[in-house]
Amino acid sequence: MSHIKWVGIINSEIADYQKGNLDCRAKKMALPTTMKEMMIKALPFAVVPFTVVFLSIFLKTFLAGERIISPVFFVIGFIAGFLGLIVHEWLHAIVYPANATVYIGFHLKSFAAVALVSYPLKKWRFILMSLLPLLLGIVPIVLFLFSPIAWKSWNGFLFGFSIMGLISPYPDYFNVYQVIKQTPPKCYIQNYNDETYWIE
């Protein structure tokens with residue numbers, strides 16, 4: 001597991017934390033140049049998780065024929081899911097090897113929790129790193145679907161938590177799509193400064 005450093009509030013640029021050694025053969029990927037632009041271009045990737053969340057509550061409520069969640073616990077679960085963004089970033093970080101340093105914090109300029117590192121990962125491992133936080137959405141939505149209808153508080157909490165866990169990583173889905181689309185099967189992927197590169 002990588003060396004993880006909590007840096008708290010990040011006022012500087014993201015590039016300041018992504019200064020690893022970049023191979024001279026590295027090729028830059030065509031990605032949005034700012035966090036804001038990336039969040040906008042990635043929006044279509046929020047449609048599927050949003051649909052999963054919506055269908056889950058609709059089907060379970062329809063089949064039960066009654067309200068199945070406690071609104072108060074739904075709000076608590078949603079807030080817990082927001083706080084879970086730090087766990088989300090930690091799940092990104094643990095995929096890196098022990099000799100990599102990953103900085104976790106909250107970037108004020110982009111209003112996002114971030115895990116910042118510049119270290120080359122094999123393509124499959126980069127994809128795993130990008131998608132591992134999905135567990136924070138998949139596990140609660142599956143538990144929600146199979147929990148008893150009478151457990152309204154538990155259902156509310158799980159459903160609220162799953163919204164953040166499934167929908168908030170949509171930029172990660174976008175990045176994985178771009179990595180699959182733009183790079184050869186056997187390569188390394190590395191973030192460097194504000195850019196993403198692939199190395200054969």
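K60 sits over the face of F144, 4.8 Å from the ring centre; a charge counts as over a ring if NZ of Lys or CZ of Arg is within 6 Å of the ring centre and within 35 degrees of the ring normal. This is a predicted model, so to speak of local features requires pLDDT of at least 70, and side-chain atom pairs count only at pLDDT 80 or more, while totals for chains, interfaces and linings use all residues. Residues are numbered from 1 along each chain as its sequence is written, and side-chain values use heavy atoms, with hydrogens and water left out.

Now for ring against ring. A pair of aromatic rings is described by the distance of the centres and the angle of the planes. Rings of Phe, Tyr and Trp (its six-membered ring) pair if their centres lie within 6.5 Å, with planes under 30 degrees apart called stacked, over 60 edge-to-face and the rest tilted. By this rule there are nine aromatic pairs. One of them joins F45 and F174: the ring centres are 5.7 Å apart and the planes stand at 75°, so the pair is edge-to-face. The two partners come from distant parts of the chain, 129 residues apart, with F45 in the loop between α1 (35–41) and α2 (47–64) and F174 in helix α8 (residues 170–182). Ring pairs also bring in Y177, giving a cluster of F45, F174 and Y177.

F174 is buried at 5%, whereas F45, at 25%, is partly exposed. N175 also lies in helix α8 and is partly exposed, with a relative accessible area of 22%. Its C-alpha atom is 9.8 Å from that of L131, 44 residues away along the chain.

The C-alpha trace spans about 60 × 35 × 30 Å along its principal axes. Of the 200 residues, 46% count as buried.

Methods
Helices (H or I, at least four residues) and strands (E, at least two) are DSSP runs, numbered from the N terminus. Buried means under 20% relative accessible area, exposed over 50%, partly exposed in between (1.4 Å probe, protein chains only).
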